[in-house]
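Q: Could we go through this structure together? Please show the sequence and the model.

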Amino acid sequence: MRDVLGDIASWYAAGETFGLATVVNTFRSAPRPPGAAMAVSPSGEVVGSVSGGCVEGAVYDLAQSVIASGEPVVQRYGVSDDDAFAVGLTCGGILDVLVEPVGPDTFPEFGRVAASIEAREPVAVATVVGGPGRLGARRVVWPDRASGSLAPGGPHAARLDAAVDDDARGMLAQGLTGQRHYGREGQRRRDELSVFVQSFAPPPRLLVFGAIDFAAAVARLGKFLGYHVTVCDARPVFATSKRFPEADEVVVKWPHKYLDETEVDERTAICVLTHDPKFDVPLLQVALRTPAGYVGAMGSRRTHADRARRLREAGLTDAELSRLRSPIGLDLGARTPEETAVSIAAELIQLRWGGSGRPLSSTSGRIHGEAR
């Protein structure tokens, strides 16, 4: 929903009820992940995508029906047959799509959800997508509060809502979106009731150290991949917003001091591009002791060997050094700043989804990986 938020927020503000289609489950090589969304306005305008084009026409028709009926629907789309005009997924995947009417009457919390997303405040939307209860029943969960109910008026609503609140907050902390299953009374060890939890956590951070031309390319690609990008360098003549227009922020500070003071979590990626010992060594001493999911450093193999020696002398253990990805990036033969940025981005994607880094033509099995 994040991708279509600007458009649907304006429709909602105008008092319109629109059809919102969301991928709530996938099997095999489905083209879009859970959470991918497409919306249809009352006038027929379309934004977003649930399958990259395979079933959008059918979803569009269903969304218009849902707007008219006011009733949500979960529809499964699978493999298409030999007829080129059949509705289905030519990739061989299967996806379940929730299509629901959204407007001031059907989703009164939507305005607060949109405001939280815009303010980068974590929020999750939990929706009943299968089993007993009311399809489309919804609860909105923030780290410190919640609104709505998945079983409004039911005798076991409080128990179910409390169980979902706990799970949704845990998923928010990890930036996860997906289904959870419960008993009809909220029991955690049963699975009659399917609840789709869509997390809107703040975007992961990409911290780029070293205000050089390679950093500008990495910042551009990081922004394209959905990171909140920070470029940091101690030299004010180089660390300017004009040189890094795609960065969300440009910081003039000694890198290790900035990193020691900033928030880092498991989704954070740290790229050290300075390849200068006076910057690198104190910075990596801090970086390799943070929970960051990715720490990479630019430089030749000789530079890396010298850097590793200096870091060991500074007290880092072999276990801490094993987290360092250096030379940074996948082996693509990159030379230019832009090509190097692609190799770094490729390594970030591989780390997130567990790909082999080999050509797909030389592999077998699933194309799309599972988030690590």
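Q: How many positive and negative side chains does the chain have?
A: The chain has 41 positive and 45 negative side chains, and the centres of the two sets lie 7 Å apart. Lys and Arg count as positive and Asp and Glu as negative, while His and the chain ends are not counted. Each charge is placed at NZ of Lys, CZ of Arg, CG of Asp or CD of Glu.

Q: What kind of model is this?
A: This is a predicted model, in which local features need pLDDT of at least 70, side-chain atom pairs count only at pLDDT 80 or more, and totals for chains, interfaces and linings use all residues. Residues are numbered from 1 along each chain as its sequence is written, and side-chain values use heavy atoms, with hydrogens and water left out.

Q: How many helices and strands are there?
A: The chain contains 10 helices and 16 strands; these are DSSP runs numbered from the N terminus, with helices (H or I) of at least four residues and strands (E) of at least two.

Q: What share of the residues is buried?
A: Of the 372 residues, 45% count as buried, meaning under 20% relative accessible area with a 1.4 Å probe and protein chains only.

Q: Which residues of helix H7 are buried?
A: In H7 (residues 277-287) they are Phe 279, Asp 280, Val 281, Leu 283, Leu 284 and Ala 287.

Q: What covers the buried residues of H7?
A: The cover includes helix H6 (255-261), helix H8 (301-313) and strand E14 (269-272), where contact means heavy atoms within 4.5 Å.

Q: What box do the C-alpha atoms fill?
A: They fill a box of roughly 65 × 50 × 45 Å, taken along the principal axes.

Technical notes: Buried means under 20% relative accessible area, exposed over 50%, partly exposed in between (1.4 Å probe, protein chains only).
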